[in-house]
Amino acid sequence: MKRVVILASGSGSNAENIFSYFKRGSTAEVVAILTNKKTAKVLERCERLGIPAYYFNREAFSGSDNFVEVIKGLKPDLIVLAGFLWKIPIPLINAFSNKIINIHPALLPKYGGKGMYGNKVHQAVKENSDPETGISIHYVNENYDEGAIIFQAKTRVESSDSVDDIAKKVHQLEYEHFPKVIEKLLT
Ligand code: GRF
């Protein structure tokens, strides 16, 4: 059984979807979810689903090698960022080379980089009247949203779509593809 550790800062709907997907199969399991936000909704999901959850602050995350040791202790085969907003420190990247992946709610290299997350991304897609958007799943390197792309999927954007409509379409793509891409990477 392969071990997946998820980092999430917000609602955690992707984290829950990934957890549920692997609960139904036997290739992998989500062994822990870590968050940098005490009030994140993902913590409620963890409690409801019985997933071990850990909170860490900025100091614990960037200030020492302890964080790397904590993660190593979880023995992850893959670390999955699912709506995680902090930049991953170099020691963690080096300790888990090609084992940290992120999902971005746009077709990178479009609309990536610091500050481009959530509805800001979908807003930019709408303002530019892009006819399509999508998701990008990529390896994590030392720059925001710049690691090698593993997978992309697209969806059409209608001129009548609101920012929320775009967000919904992108979330659907995330739910459909993210667990499968994780599974593929682990087998
Ligand atoms: C997703 O759209 C993901 O692509 C982005 O942050 C959002 C997280 O949503 N990185 P949720 O917390 O999984 O509901």
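Which strands does helix α2 lie across? Select residues 41-49 to bring up α2, and you'll find the helix lying across β2 (28-35) and β3, running at about 140° to β2. One thing to keep in mind as we go: this is a predicted model.

**The sheet**

Now show the strands. They make an open sheet of seven, in the order β3-β2-β1-β4-β5-β6-β7, and the pairing is mixed. At the edges sit β3 (53-55) and β7 (149-156), each with a pairing on one side only. If you look along the sheet, the twist from one strand to the next averages 20°.

Next, pick out residues 78-81 and 100-104. These are β4 and β5, which run parallel and are joined by three bridges. Click on L81 in that pair: the bridge partner of L81 in β5 is N102. As background, strands of a sheet pair through backbone hydrogen bonds, either parallel or antiparallel.

**The ligand**

- G12: a backbone N or O atom lies 2.7 Å from an oxygen atom of the ligand.
- S13: an N or O atom in the side chain is 2.5 Å from a ligand oxygen.
- I103: a polar backbone atom is 3.1 Å from a nitrogen atom of the ligand.

How much of the ligand does the protein cover? On its own the ligand has 360 Å² of accessible area, and the protein covers 86% of that.

**Out to Y21**

From I103, jump to Y21. The two are 82 residues apart in sequence and 17 Å apart in space, C-alpha to C-alpha. Y21 belongs to helix α1 (residues 13-24). Show its surroundings and, leaving aside neighbours within four places in sequence, you'll see Y21 in contact with P179, K180 and E183. Zoom in on E183: the side chains of Y21 and E183 are joined by a polar contact of 2.5 Å.

**Aromatic rings**

Time to colour the aromatics. Searching the whole structure turns up nine aromatic pairs. For one of them, select F56 and F67: the pair is edge-to-face, 4.8 Å centre to centre with 65° between the planes. Where do these two sit in the chain? F56 is in the loop between β3 and α3 (58-62), while F67 is in helix α4 (residues 66-73), and the two are eleven residues apart.

Last stop: the loop between β5 and α6 (119-127), where you'll find P109. What kind of peptide bond joins L108 and P109? It's cis, with omega at about 10°. Y111 lies in the loop between β5 and α6 too. Check the phi of Y111: the angle is positive, about 60°, although Y111 is not a glycine. For context, most residues other than glycine have a negative phi, and most peptide bonds are trans.

How values were computed. Residues are numbered from 1 along each chain as its sequence is written. This is a predicted model: local features need pLDDT of at least 70, side-chain atom pairs count only at pLDDT 80 or more; totals for chains, interfaces and linings use all residues. Side-chain values use heavy atoms; hydrogens and water are left out. Two strands pair if DSSP finds at least two bridges between them. Helices (H or I, at least four residues) and strands (E, at least two) are DSSP runs, numbered from the N terminus. Axes are lines fitted to C-alpha atoms, for helices over the stretch in contact, and angles run from 0 to 180 degrees between N-to-C directions. Contact means heavy atoms within 4.5 Å. A polar contact is a pair of N or O atoms within 3.5 Å; within protein, one must be able to donate a hydrogen and the other to accept it, and residues adjacent in sequence count only if both atoms are side-chain atoms. Accessible areas come from the Shrake-Rupley method with a 1.4 Å probe; for residues, only the protein chains shown count as cover. Rings of Phe, Tyr and Trp (its six-membered ring) pair if their centres lie within 6.5 Å; planes under 30 degrees apart count as stacked, over 60 as edge-to-face and the rest as tilted.
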